[in-house]
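Subject: Structure for your study

Dear colleague,

Please find below the structure that I am handing over to you. My notes on what was found in it follow directly after.

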Amino acid sequence: MGRRKSLEKWVAGMSREEERMARKSPEKGTGDSRNFMLHRMQDYSSYFNKIKCMRFKRSGRMRSWWPEVAREMKQPQQWRHDFFWSYTDEPHASRRRQILSQYPQIKQLFGPDHSSLLKVNLVVSLQLWTAIYLHNARWLKILMVAYFFGSFLNHNLFLAIHELSHNLAFSNPLYNRWLGIFANLPIGVPMSVTFQKYHLEHHRHQGIEGIDTDIPTLIEARLVTNIVTKSIWVLFQLFFYALRPLLVNPKRPGKWEFLNFIIQIGLDSSMVYFWGLRSFGYLILSTFLGGGMHPMAGHFISEHYVFNKKEGQETYSYYGPLNVITWHVGYHNEHHDFPRIAGSRLHKVREIAPEYYENLESYKSWSQVIYCYVADKSIGPFSRMKRKLSTKNS
């Protein structure tokens with residue numbers, strides 16, 4: 001850190017006039033050494049951001065940063081122009097077979113978590129009560145409560161729907177579907193049934209072009225190419241997440257989608273009719289804010305975006321405190337390896353088979369993930385692993 005501080009101090013020592021003249025210099029590296037360093041520091045800044053974004057090792061200590069800067073300076077970072085392509089099968093099925101052959105007792109963890117019913121009822125009731133309580137509040141107060149409170153509840157319900165899409169509340173899939181529709185109510189937009197349909201394909205065909213709608217479209221990747229557009233993309237990523245399936249892999253809605261739609265519109269209409277637009281607005285704001293520039297929304301990026309191709313990973317886990325209120329979705333490698341294990345028991349997979357997970361890169365902060373995604377110019381929508389549909393997969 002001493003070298004970086006000395007560089008910053010050197011540049012900071014320039015007067016405003018010198019800095020103004022340096023910026024007008026037609027040629028980088030000409031003029032006095034301070035002019036040269038000003039331009040070089042602009043290049044260094046991207047590398048320092050990159051080093052900031054390096055994931056911590058399991059010991060919590062950050063890797064040495066200066067050798068990385070030296071290597072990076074030889075090959076300046078550029079925006080990617082294509083996805084990462086894999087010519088092998090997704091890694092989870094093979095790892096699942098290896099783990100089960102070595103630790104067959106993991107099968108005892110399979111099955112639903114019946115406490116899910118109570119959890120969903122508590123969160124739905126609390127969120128609807130909060131919406132009714134705010135029916136006469138000012139919009140500024142509604143906005144603040146939505147971001148610092150309601151967003152956590154609605155994102156919790158979104159991840160409850162994720163859990164229910166794997167039938168992890170009841171043994172009967174029908175009961176899970178009904179509970180998912182119920183958990184959908186405070187979110188304000190019907191999505192539970194449709195989400196299950198596409199999410200299960202994400203597991204079966206991870207990264208496969210034209211099927212896995214979790215991967216950004218080519219249009220997104222080509223438009224989202226700088227800090228401003230990435231910030232906008234993160235802020236509105238729920239909209240991209242919802243509209244992408246209609247472009248990539250459209251499906252005809254069935255009777256359950258219509259049922260989900262009718263029930264949701266009934267709740268929304270009742271909320272507006274009895275309590276006014278402010279109550280309904282609170283629910284929508286809670287959904288929108290919780291899926292954008294929000295700590296809990298970091299999992300959308302952390303799960304499968306490739307920050308370092310050298311690692312050879314395409315799924316990443318998060319081992320931080322927010323797992324407690326996100327149905328442990330952070331244990332994402334464990335979840336993809338064993339989607340039939342409820343989130344509340346996924347930590348036991350890592351405890352039973354630590355050698356399969358301790359050497360994998362992981363995160364401890366979803367907020368840091370969002371910051372790195374926006375600040376690091378080498379990361380963007382192209383930073384995803386894709387594969388072609390093979391005869392075996394089809």
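Seven cavities of 30 Å³ or more are present in this predicted model. On a 1 Å grid over the protein atoms alone, a cavity is a set of points where a 1.4 Å probe fits but cannot get out, and a pocket is an open set with protein on both sides within 12 Å along at least five of seven lines; residues with an atom within 4 Å of a point are called lining residues. Grid points are joined across faces, edges and corners, and a volume is the space filled by probe spheres set on the points.

The largest cavity holds about 100 Å³ of space. Its lining consists of 14 residues, and His 162, His 199, Tyr 241, Glu 303 and His 332 are the closest to its centre. Helix 7, helix 9 and helix 15 each give two or more residues to this lining. Helices (H or I, at least four residues) and strands (E, at least two) are DSSP runs, numbered from the N terminus. By class, the lining of the largest cavity has six nonpolar, six polar and two charged residues. Here Ala, Val, Leu, Ile, Met, Phe, Trp, Tyr, Cys and Pro count as nonpolar, Asp, Glu, Lys and Arg as charged, and the others, Gly among them, as polar.

The largest pocket has a volume of about 1000 Å³. It is lined by 37 residues, and nearest its centre lie Val 189, Pro 190, Met 191, Tyr 241 and Ala 242. Helix 12 (237–248) gives the most to this lining, with seven residues. The classes in the lining of the largest pocket are 20 nonpolar, eleven polar and six charged residues.

A nonpolar core is a set of buried Ala, Val, Leu, Ile, Met, Phe, Trp, Tyr and Cys residues joined through side-chain atoms within 4.5 Å. Buried means under 20% relative accessible area, exposed over 50%, and partly exposed in between (1.4 Å probe, protein chains only). The largest nonpolar core has 52 residues, of which Ile 301, Phe 307 and Tyr 373 touch the most other members. Helix 7 gives the most to this core, with nine residues. Leaving aside neighbours within four places in sequence, Tyr 373 is in contact (heavy atoms within 4.5 Å) with residues including Lys 230, Trp 233, Ile 301 and Phe 307. There is also a second, separate core of 14 residues, among them Leu 100, Leu 109, Phe 338 and Tyr 356.

Most residues other than glycine have a negative phi. Asn 167 is placed in the loop between helix 7 and helix 8, and counts as partly exposed because its relative accessibility is 26%. His 328 lies in the loop between strand 2 (317–318) and helix 16 (332–337).

Is Glu 361 buried or exposed? Glu 361 is buried, because its relative accessible area is 15%. This residue is found in the loop between helix 17 (346–352) and strand 3 (362–363).

Residues are numbered from 1 along each chain as its sequence is written, and side-chain values use heavy atoms, with hydrogens and water left out. As this is a predicted model, local features need pLDDT of at least 70 and side-chain atom pairs count only at pLDDT 80 or more, while totals for chains, interfaces and linings use all residues.

Yours sincerely,
A colleague
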